[in-house]
Amino acid sequence: MPEKLSFYIQRSSAFHSLNPLTKLGLVFAFIVIAYTSPFYWTATVIFGLGVLPLAFVGRVQREFLLAALRLLVPVTGFIFIMQSLFLPGGERELFHFWVFRVTVESVAQAYLTVSRIFVMISAFILFLLTTHPSALMTDLTRRGLPGTFAYVIISTLQIIPQMQSKAQTIIAAQRSRGMETGGSLANRVRALVPLVGPLVFGSLVEVEERAIAIEARGFTSRLKKTSLYEIADTRLDRGLRWFLLGLVVLSVAARVLAG
Amino acid sequence: MSIVELRNVTYQYPFSERPALEGIDLRIDEGEFVAVIGPNGAGKSSLCYTVSGFIPHFFKGELQGSVVVGGVETRQSTLAECVRRAGLAFQNPFNQISGAKYTVFEEIAFGLENLGVPREEMRARVERMLERAGIADLAGRSPYALSGGQQQRVALASILVMEPQVLVLDEPTSQMDPIGTREVFGMIKELAGRGLTVLMVEHKVEWVAAFADRVVALDGGHVIAQGRPEEVLTDPLLAERNFGLSRYTLAARAALQAGLWPAGRRLPVTLEEAVEGFKAAAA
Amino acid sequence: MTDIRVKDLHHVYPGGVAALQGISLEIRSGEQVGIVGQNGAGKTTLVKHFNGLLQPTRGEVWVDELDTRKVSVAKLAARVGYVFQNPDEQLFCKTVGEEVAFGPRNLGFAPEKAEALCKEALELTEIGDRAGANPYDLSPTWRKMVALASILSMDTPVVIFDEPTTGQDPASVARIARVVAALRAKGKTVITITHDIDFCAENFARVIALSQGRVLLDGPAAEVLGQAETLAQTYVEPPQLTRLGQRLGLKRTILTQEDLLAELGKKQ
Ligand SMILES: Nc1ncnc2c1ncn2[C@@H]1O[C@H](COP(=O)(O)OP(=O)(O)OP(=O)(O)O)[C@@H](O)[C@H]1O
Ligand SMILES: Nc1ncnc2c1ncn2[C@@H]1O[C@H](COP(=O)(O)OP(=O)(O)OP(=O)(O)O)[C@@H](O)[C@H]1O
Ligand SMILES: [Mg+2]
Ligand SMILES: [Mg+2]
């Protein structure tokens, strides 16, 4: 059986105890600022002095770095190389081979794109690691978001871990019927093919099963919902959200003024 | 006063060739504990879906006749209102987890959150439920990392805690250990004693015989017999039709042929009856 | 010839649940073993070690000369077939026919042999007429049969069933009993986890009772299933007829209807 359906890591830390909306606001502020700020190094600074230290504050640095390594490095590495090679223009040539000409300008542009993507994805990873989906759901519904809408958000957040655990289940089933899934690279790749169909189909079935399961628990009831836990929304949270809003406004304004 | 009333109910799933339920008439009184028995494919689960409103709200297809629960026609209310009146624990214990919760405690509280139960009361009710379902030690565990029987207990507790007027249980003990099964029957009997109405599908006839007020035998979408457990469970019709009977009944029937069970005596359905009968035969 | 040897097996799940706490036992080739015990006793966890799906935290499990810590699940699959407690965890093909053919294909049987095995498995479980259906469209009870067939077709010397009779009507339970008998006749080892103690008494010569990750009782069915007090520790009751026999003061431990009638007949 899969053990859980979220990336959430239950630990106590100052960062964990922030209101889910504050954390979500933080993620969006980081992203907006990284993309709008007129300064070249902004995204790098946000990652180095924002996201990364917060992963340590939230005591999820190990999982954070692991996820970043597995997911981010391949994705951004690929984008970096493609952009360096293919971005047109640029005066100062670094080197060239075959039909490609790599310039200082194209590398600089590639780095900017990549640093922004880095902030975007890593901030989301940090958010998912430190926020329980149900806490977010409860908080959003309390603020007036319709229940079904909140559920859609949560389900979306859970798609990847859910697929992962489903994949593990299927692989266990296939191995116990004699299919080699480990070992050589060729074996591993070959094992992926029979996984895709069942994974997609199985996930669809699961969605329907879950729909019926939550119906049985009165999820679509029109009564005003309550929550088991009080989700703290402190003055610090409110202050932080205003502060973030201010930063975003400043960043956007700077961009507009800088033209 | 009947709290559940089905009149001439016929239902056919979409794309299927024949009705799963046909001409069902069934009335259940408040506080009654009714057990439903029948072979595979008899329509037991379909009956559960019908009483709890999943038919026609979730499963489309054609529902004829009238289904009234707590004075309200299920067609006329929303599914959420239906399950509030008649809560359903599904047959498959493995896919009833909401997926929205991190611990067993939160999982059981989920239904109460949806009903808007105040926090203090919610905590108290969940704690009491954990205790009664024998899963207090699992409160902090992930609802996914459990054994089969533990998952089934969580699923059952998640519905019981919502305190619907009518409890509809579809094979709620299929994964449970023997003594645990008997305890669940005992707990449900006690709830019925306090006015809760129970409709429970079960294959474990030994406990049906000992605890249920009435047995409804379903076959091919029809009610073929109903009444007191000792009457229905010894009905020769059932033996011909692939119904599960207790080992006591089966053994006594064989003993009767061998002259080891008193001729003319009703076949036993419980241990006590079997003991008395065999002692009488020996005497 | 396939023996299973378990030595001081411990298993701790990630998250810290100590599900098995020092299990040692041996199951000989051709034995028919029932495993009983309370919910959460560790039955499923134990048998998942026999085909390598789970790895010992401490101790070892051997299937003949194979150390399950060293060989792959796929390799062990040729020796040990495991029918999951939850069929949804086991089934993944689009049709029943593909599901049943999946195992034999991986084990590298000749096509004719694979086909013959599939046919036999479908016949034994009586799902031949549903071979074209999607397993998900079948009722849970029939899904269970598909799960069974997909392991039978692998023709492994050891077959493990995890709660095969749940939700099955008498005709279906009788069918499962026939499957067990057919495997016994072929000299295969059958290990069955079950809460259905009556079924256990009628079909298995040896019974192991687990309790809280340890072996509570292990021996011939008549010996183990008569011990009401010890069994109660793991929430198991003796079979119906055993209880009846005890109440009637019969000396022998009654396991089946034949036992009962024979004893009563003797008395008269
Ligand atoms: N979703 C469905 N779509 C089409 N037909 C269905 C569906 N569910 C059940 N049926 C059919 O309806 C009939 C009654 O099924 P139902 O599941 O109610 O039986 P049951 O008595 O609960 O059986 P079991 O003991 O196997 O759980 C069967 O013939 C079954 O094949
Ligand atoms: N994936 C898992 N992660 C963590 N703990 C688990 C997991 N699966 C089972 N457990 C725990 O390990 C213990 C043994 O579980 P196991 O599934 O082996 O029990 P079982 O004897 O098969 O019970 P049942 O009769 O209910 O199926 C239980 O306490 C259970 O909660
Ligand atoms: Mg059913
Ligand atoms: Mg188990």
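Donors, in what follows, are N, O and S atoms within 2.8 Å of the metal (3.2 Å for Na, K and Ca); water is not among the atoms, so sites may look incomplete. Good morning, colleagues. The structure before you is a predicted model, in which local features need pLDDT of at least 70 and side-chain atom pairs count only at pLDDT 80 or more, while totals for chains, interfaces and linings use all residues. Residues are numbered from 1 along each chain as its sequence is written, chains are lettered from A and ligands numbered from 1 in the order in which they are written, and side-chain values use heavy atoms, with hydrogens and water left out.

I begin with the magnesium ion that is ligand 3. Its protein donors are Ser45(B), through OG, and Gln91(B), through OE1, at 1.9 to 2.2 Å. These two residues join distant parts of the chain: Ser45(B) belongs to helix H1 of chain B, and Gln91(B) to the loop between strand E6 (86–89) and helix H4 (104–114) of chain B, 46 residues apart. Helices (H or I, at least four residues) and strands (E, at least two) are DSSP runs, numbered from the N terminus. Both Ser45(B) and Gln91(B) are buried, a term that means under 20% relative accessible area, with exposed over 50% and partly exposed in between (1.4 Å probe, protein chains only).

Let us turn to ligand 1. Which residues come nearest to ligand 1? Of the 15 around it, they are Gly41(B), Lys44(B), Ser45(B), Ser46(B) and Thr141(C); a residue is near a molecule or strand if one of its heavy atoms lies within 4 Å of it. Because the surrounding residues come from chains B and C, the site of ligand 1 is shared between chains. The side chain of Gln91(B) has an N or O atom 2.8 Å from an oxygen atom of ligand 1, and a polar backbone atom of Ala42(B) is 3.1 Å from such an oxygen.

Ser46(B) deserves a separate word. This residue lies in helix H1 of chain B and, with 6% relative accessibility, counts as buried. A polar atom of its side chain is 2.5 Å from an oxygen atom of ligand 1. The Ser46(B) side chain also makes a polar contact with that of Tyr13(B), at 2.9 Å. A polar contact is a pair of N or O atoms within 3.5 Å; within protein, one must be able to donate a hydrogen and the other to accept it, and residues adjacent in sequence count only if both atoms are side-chain atoms.

The other magnesium ion is ligand 4. Here the protein donors are Thr44(C) (OG1) and Gln85(C) (OE1), 2.0 to 2.3 Å away. Thr44(C) sits in helix H1 (residues 43–47) of chain C and Gln85(C) in the loop between strand E6 (80–83) and helix H3 (87–90) of chain C, 41 residues apart.

Finally, ligand 2 lies between chains A, B and C. Of the 21 residues that surround ligand 2, the closest are Arg141(B), Ser147(B), Gln150(B), Thr44(C) and Thr45(C). The Thr44(C) side chain places an N or O atom 2.7 Å from an oxygen atom of ligand 2. Backbone atoms take part too: an N or O atom of Gly149(B) is 2.7 Å from an oxygen of ligand 2, and a polar backbone atom of Gly42(C) is 2.9 Å from one.
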